[in-house]
Amino acid sequence: RLHESLEERRSSSKHPIATRLFELMMAKKSNLCVAADLTSLDEVIKLAESIGPKIVVLKIHVDILEDFSLAKMKQLRKVAKAHEFLIMEDRKFADIANTVQQQFHGGVYKISEWADLITAHPLAGPEMITHLFGDSSSDSRRTCGCVLILEMSTKNALTSQDYSKEAAKWGLIASDIVAGFVGQSPPDADFSGWIQFTPGVNSASKSGDSKGQQYCSPAEAVLERGADIIIVGRGLIKSSDVVATAENYRSEGWTALTKRITNP
Ligand code: UP6
């Protein structure tokens, strides 16, 4: 995977959302996902309008929003359509399939109505992954991709090598559900149609956030850790010029990815 072109990888992808994401990356020359960890959806929409052209994914945590409404989510979807990026809900689902299905489709948030990608911990086992979106007739199997959390970025995370190795195997079996994974290194079962998302990226801070988060630079994430897409949160949203900062991360991330592909 690491040295294959995005075009080659797009053609081996088995999930329509991963296919779309490869296309967006190539068209926008971007492998930047911004973690819009703001507490107001109005603010998220404003941020998305300004940095939309630079990013391929906007990642949110719907349960930290104080002004959530489905009407506002529709507005965000319009921005996503206009600027061509995907919306990832970083819900980190982690329960039995029967519960997760309800969390995904129901409740207040109705995540299945607006998310292109969701994250899930493979903790509950392979059946949870295969049944995540509902039965085989569920539209969500085509409209939403699961991103498996194989490794976490934090100090002393319990996502050991054995754990992520086993989970990656389950992901391969469910390749019609899984569009990619969150990780800090390429998994053993490193299927080229999958997209590796790597959080814990911050150019300004090497030391982490004093609450267990650990950071590396965009180049390290891509060249040393195997990231296809870098996830940048506070490194961008706390900056005084988010558009300029987005351009810096886009350019650093994309240069590193191009270098990895062209100089194996
Ligand atoms: N995230 C991590 N590490 C993981 C998985 N997810 O940091 O292993 C998510 C966090 C946050 C973002 O939930 O939304 O990525 C990182 O934000 P930061 O850049 O501000 O630290």
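Predicted model: local features only at pLDDT ≥ 70, side-chain atom pairs only at ≥ 80, totals over all residues.
Residues are numbered from 1 along each chain as its sequence is written.

Over residues 31–249 the chain is 34% helix and 17% strand, with end C-alpha atoms 9 Å apart. Helices (H or I, at least four residues) and strands (E, at least two) are DSSP runs, numbered from the N terminus.

Now turn to the ligand. Its shell holds 16 residues, and the closest are Met152, Ser153, Pro199, Gly233 and Arg234. A residue is near a molecule or strand if its C-beta atom, placed from the backbone, lies within 6 Å of it. Strand S8 (229–232) and helix H10 (234–237) each supply at least two residues of this shell. By class, the shell has 6 nonpolar, 6 polar and 4 charged residues, where Ala, Val, Leu, Ile, Met, Phe, Trp, Tyr, Cys and Pro count as nonpolar, Asp, Glu, Lys and Arg as charged, and the others, Gly among them, as polar.

The UniProt entry, unreviewed, also gives a "binding site" that covers Asp37, Lys59, Ser153, Gln213, Gly233 and Arg234. Two of these are worth a visit. Ser153 lies in the loop between S5 and H8 and is buried, with 22 other C-beta atoms within 10 Å. The term buried means 20 or more other C-beta atoms within 10 Å of the residue's own, exposed means 12 or fewer, and partly exposed is in between, with C-beta atoms placed from the backbone. Not counting residues up to four places away in sequence, Ser153 touches Gln184, Pro199, Gly200, Gln213 and Gln214; two residues are in contact if their C-beta atoms, placed from the backbone, lie within 7 Å. Gln213 is found in the loop between S7 and H9, and its 18 C-beta neighbours inside 10 Å make it partly exposed. Beyond four places in sequence, Gln213 touches Ser153, Thr154, Gly200 and Gly208.

Asp90 sits in strand S3 and counts as buried, with 23 C-beta neighbours inside 10 Å. Leaving aside neighbours within four places in sequence, Asp90 is in contact with Lys59, Ile60, His61 and Thr119. Asp95 belongs to the loop between S3 and helix H5 (97–105) and, with 15 C-beta neighbours inside 10 Å, is partly exposed. Its contacts, not counting residues up to four places away in sequence, are with Val100 and Ala124.

Next, follow the S5–H8 loop to Thr159. Thr159 counts as buried, with 20 C-beta neighbours inside 10 Å, and touches Leu150, Glu151, Met152 and Ser164, again not counting residues up to four places away in sequence.

Ser164 brings us to helix H8, whose buried residues are Ser164, Ala167, Ala168 and Gly171. Seen down the axis of H8, they fall within an arc of 110 degrees, so they line one face of the helix; the arc is that of the directions from the helix axis to the C-beta atoms. An α-helix has 3.6 residues a turn, so residues three or four places apart point the same way. Covering the buried residues of H8 are, among others, helix H6 (126–130), strand S5 (145–149) and strand S6 (178–182).

Finally, look at two backbone angles. Glu84, in the loop between H4 and strand S3 (86–93), has a positive phi of about 55 degrees although it is not a glycine. Ser210, in the loop between strand S7 (195–198) and helix H9 (218–223), has a positive phi near 70 degrees and counts as exposed, with 6 C-beta neighbours inside 10 Å.

Key: UniProt positions renumbered as here; feature names shortened; annotations may be inferred.
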